[in-house]
Amino acid sequence: MSKDGRHHFVIVGGGLAGSLLAVYLGRKGYRVDVYEMRDDIRGGNVAGGKSINLALTRRGIDALAHAGLAEQVLASAVPMKGRLIHSESGDTSLQPYGKDDTQLNYSVSRAGLNAELLEAADSHESVTLHFNKKCTGVDLDEPSVTLADTVTGVEVRVEADVIVSADGAFSAVRARMQKLARFNYSQQYLEHGYKELEIPPGVAGEFQIEKNALHIWPRRSYMMIALPNLDGSFTCTLFWPFDGPFSFDNLESEEDVRRFFEEHFADAVPVMPTLTADYLGNPTNPLATICCGPWHYQDKVVLLGDACHAVVPFYGQGMNAAFEDVLVLDACMDKHKSDFGAAFAAYYSERKEHVDVLQRLCVDNFVEMRDHTGSKWFLLRKKTEKMLSKIFPSWYVPLYNMVTHTRIRYVDAVRRARMQKQVCALVAGFLVIAVFLLLFT
Ligand SMILES: Cc1cc2nc3c(=O)[nH]c(=O)nc-3n(C[C@H](O)[C@H](O)[C@H](O)COP(=O)(O)OP(=O)(O)OC[C@H]3O[C@@H](n4cnc5c(N)ncnc54)[C@H](O)[C@@H]3O)c2cc1C
């Protein structure tokens with residue numbers, strides 16, 4: 001505890017979840033120190049490594065709203081009405097996300113959002129941000145962290161009442177917890193990786209393809225997507241296997257790259273002037289699902305966001321779920337006051353089964369996006385879902401909409417979608433039998 005009697009929290013990782021939690025804890029009056037291994041992105045020092053932009057949806061918006069930040073974040077986001085599908089022949093079709101224009105997803109800049117959250121955290125007198133400080137060691141029982149200055153190399157040890165691990169998928173804090181007896185951990189890589197490319201703004205700064213949509217070029221075993229940025233550009237992401245006869249491994253020269261894109265993404269090539277340089281210069285990154293538990297050690301250490309449940313990005317839920325963690329953790333701390341052990345246990349038991357289900361949904365949605373969004377059956381299913389949700393708005397809500405546009409817990413959303421499907425199958429069965437009886441009896 002601090003000299004002034006306040007509990008002291010150390011947050012390892014000043015990324016999306018860590019900086020939002022710092023805002024929440026700062027509001028509660030706790031003494032908070034955030035240690036981030038990268039430079040302060042508010043100075044424009046944006047390190048690469050992850051997607052440039054992200055889809056922000058209901059769960060994330062609610063968590064921001066609770067901290068009074070939703071309005072300002074949405075003011076610099078690009079609303080997306082639906083998926084805009086690009087077929088191989090160059091035809092396009094829009095598949096709206098919701099039953100009307102009130103159900104939108106928002107494309108936000110990762111760095112811009114992170115900077116806003118850091119700024120909001122910094123505005124609390126009890127929160128101090130430290131940059132270029134990498135956590136290199138953790139003592140769970142003390143509890144304390146060892147931090148190495150990434151510029152000078154000097155190491156310091158910092159004690160705290162609680163250590164929060166918000167240091168992402170390759171968390172140093174979680175790595176220490178993995179050494180505990182009965183700590184479960186699994187990590188599953190996809191055979192696909194991803195590479196970011198760009199569609200820049202037009203000469204007058206205009207969007208060169210539809211602004212208010214998430215663009216998808218589904219090509220069965222692989223796909224490219226593009227999300228809009230406020231400056232008129234799009235960040236494109238190609239998801240493709242790392243190796244094999246038809247994979248990232250295969251394109252080596254500028255000519256290979258151009259030929260591949262002209263063959264499979266022909267309508268995108270004219271608006272991608274830096275395609276070959278981007279392709280050959282940008283890294284190919286892996287995608288992993290990380291699953292672990294328990295997410296806390298006594299009342300001393302707690303895990304948050306990707307550090308405890310990294311997902312593959314195909315439902316656009318990783319950050320949204322991490323922000324929802326913050327909401328749930330905050331509610332558990334309100335309920336259990338300074339009994340942090342009880343609060344962390346309640347947070348873990350509240351969240352765990354839901355993010356486990358989310359992990360499966362994210363992998364399944366990859367198959368849906370790349371294999372099905374271009375098919376006529378998929379379109380028919382989407383139209384039927386839309387019709388049902390218009391006729392029975394309080395009963396039928398498509399799974400995608402429950403996940404992205406509501407706070408229905410992930411497990412409950414999946415159960416409800418299964419029940420809706422069974423009722424629809426039953427009704428369809430009865431209709432077929434009724435028609436058969438009418439025609440043939
Ligand atoms: C290609 C791609 C696209 C995505 N698209 C979406 C999307 O559209 N919508 C969505 O909701 N989610 C999306 N996600 C997922 C989202 O990026 C993550 O779920 C989110 O960033 C998790 O936030 P976090 O704060 O837990 O982790 P991170 O954002 O990874 O932040 C961790 C922070 O900890 C710091 N750190 C790491 N190690 C240490 C250390 N040892 N010491 C100190 N600091 C450390 C890092 O520098 C970083 O700042 C996407 C992910 C990828 C890869």
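Contact here means heavy atoms within 4.5 Å. Keep that in mind for Ala115, which is in contact with Ile41 and Arg42 once its neighbours within four places in sequence are left aside.

Before going on, some ground rules. This is a predicted model, where local features need pLDDT of at least 70, side-chain atom pairs count only at pLDDT 80 or more, and totals for chains, interfaces and linings use all residues. Residues are numbered from 1 along each chain as its sequence is written, and side-chain values use heavy atoms, with hydrogens and water left out.

Back to Ala115. You'll find Ala115 in helix H4, residues 110-122; helices (H or I, at least four residues) and strands (E, at least two) are DSSP runs, numbered from the N terminus. Ala115 counts as buried because its relative accessible area is 18%, and buried means under 20%, exposed over 50%, and partly exposed in between (1.4 Å probe, protein chains only). From Ala115 to Met319 you'd step 204 residues along the sequence, but C-alpha to C-alpha they sit 15 Å apart in space.

Now hop over to Lys195, in strand S13 (residues 184-199). Lys195 is buried yet has no salt bridge, and Asp278, the nearest side chain of opposite charge, is 9.9 Å away. For a salt bridge, a side-chain nitrogen of Lys or Arg has to be within 4 Å of a carboxyl oxygen of Asp or Glu; Lys and Arg count as positive and Asp and Glu as negative, while His and the chain ends are not counted. What does lie 2.6 Å from a polar atom of the Lys195 side chain? That's the backbone oxygen of Asn282. Not counting residues up to four places away in sequence, Lys195 also touches others, including Cys236, Phe248 and Tyr279.

Two other loop residues have a positive phi without being glycine. Arg220, between strand S14 (214-218) and strand S15 (223-228), has a phi of about 65° and counts as exposed because its relative accessibility is 54%. Gln298, between S18 and strand S19 (301-303), has phi near 50°; at 40% relative accessibility, Gln298 counts as partly exposed.

Finally, look at Leu439 in helix H13 (residues 410-440). Leu439 is exposed, with a relative accessible area of 62%.

Terms used:
Polar contact = N/O pair within 3.5 Å; in protein donor to acceptor, adjacent residues only side chain to side chain.
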